[in-house]
Amino acid sequence: MKLPKIGQVKVKQHREIPASYVLKSVTVSQSPSGKYHASISFEYENQVPERKPHTFLGLDFSMNGLYKDSEGNEAEYPKYYRKWEKKLEREQRKLSHMQKGSRNWEKQRIKVAKLHEKVANQRKDFLHKRSREIVNAYDCVCIEDLDMKAMARSLHFGKSVHDNGWGMFTTFLKYKLEEEGKQLIRIDKWYPSSQTCSVCGYKNPETKDLGMREWDCPRCKSHHDRDLNAAINIRKLSSLNK
Ligand SMILES: [Zn+2]
């Protein structure tokens with residue numbers, strides 16, 4: 001790659017670029033661990049006709065595991081991801097006890113930055129993989145339109161919201177679906193997906209208590225797993241929208 005003022009730079013290119021793509025811009029950045037990245041943006045024609053959807057999936061956001069889907073499956077972050085995340089926490093704690101600006105502190109800062117990048121890359125790979133699997137299997141995916149910033153501010157969820165990856169995941173889902181003429185539908189965040197019985201439609205105010213993981217419908221007596229019931233309701237709305 002030839003960069004202004006710097007000249008020729010060796011790059012590791014991950015994908016072949018089709019001849020019809022038009023180069024728009026290149027942004028060079030340096031990560032905290034010292035690595036350089038060039039992100040290159042292209043413009044291209046993408047005229048995929050919208051398909052009539054036949055298969056629908058609902059996803060209910062989950063704080064710990066990313067989501068539960070309307071088939072009862074969870075996203076399941078790989079075990080090694082948690083392991084590296086724990087290691088990152090440990091090393092961050094070590095850093096916080098060191099004297100800022102000292103040689104050891106600087107060494108530890110770079111160690112933490114590298115770990116941070118590793119964890120972020122693992123998460124990104126995983127989110128790409130899961131979104132690809134879903135897009136291959138379904139024509140239409142429905143999610144709740146959540147305000148993650150507001151959730152992060154709320155006392156109940158707090159800081160953990162930032163690292164969950166939901167925002168990135170839904171971005172991946174959306175463009176992967178659209179590339180194939182498929183659709184991502186966002187439903188109103190005020191729709192009571194957790195409170196409504198997915199069998200008979202009864203609204204159970206008792207389920208406003210987030211600690212209630214399972215419940216029985218007082219009207220039709222169906223037994224519900226909180227998140228699965230919500231995901232089924234979300235899927236139902238997506239097929240009603242079609
Ligand atoms: Zn019911």
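Modeller: What follows takes the terms one by one and sets values against definitions.

Modeller: This is a predicted model, where local features need pLDDT of at least 70, side-chain atom pairs count only at pLDDT 80 or more, and totals for chains, interfaces and linings use all residues. Residues are numbered from 1 along each chain as its sequence is written, and side-chain values use heavy atoms, with hydrogens and water left out.

Colleague: What makes Cys197, Cys200, Cys217 and Cys220 donors of the zinc ion?

Modeller: Donors are N, O and S atoms within 2.8 Å of the metal (3.2 Å for Na, K and Ca); water is not among the atoms, so sites may look incomplete. The SG atoms of these four residues lie 2.3 to 2.4 Å from the zinc ion. Their spacing along the chain is C-x2-C-x16-C-x2-C.

Colleague: Why is the arrangement around the zinc ion called tetrahedral?

Modeller: Four donors count as tetrahedral if all angles lie between 85 and 135 degrees. Here the four donor atoms subtend angles of 107 to 112°, so the arrangement is tetrahedral. The ideal angle for four tetrahedral donors is 109.5 degrees.

Colleague: Why is Cys197 called buried, and Cys200 partly exposed?

Modeller: Buried means under 20% relative accessible area, exposed over 50%, partly exposed in between (1.4 Å probe, protein chains only). Cys197 has 1%, so Cys197 is buried. Cys200 has 27%, so Cys200 is partly exposed.

Colleague: How do you know that Asn204 is buried?

Modeller: Its relative accessible area is 3%, so the label buried applies. Asn204 sits in the loop between E8 and strand E9 (214–216). Contact means heavy atoms within 4.5 Å. Leaving out residues up to four places away in sequence, Asn204 touches Gln195, Trp215, Asp216 and Pro218.

Colleague: What makes residues 166–179 a helix, H4?

Modeller: Helices (H or I, at least four residues) and strands (E, at least two) are DSSP runs, numbered from the N terminus. H4 has 14 residues. The expected span is 1.5 Å times one less than the number of residues. H4 reaches 20 Å from its first C-alpha to its last, close to the 20 Å expected.

Methods:
Tetrahedral: all angles 85-135°; square planar, octahedral: opposite > 155°, others 65-115°.
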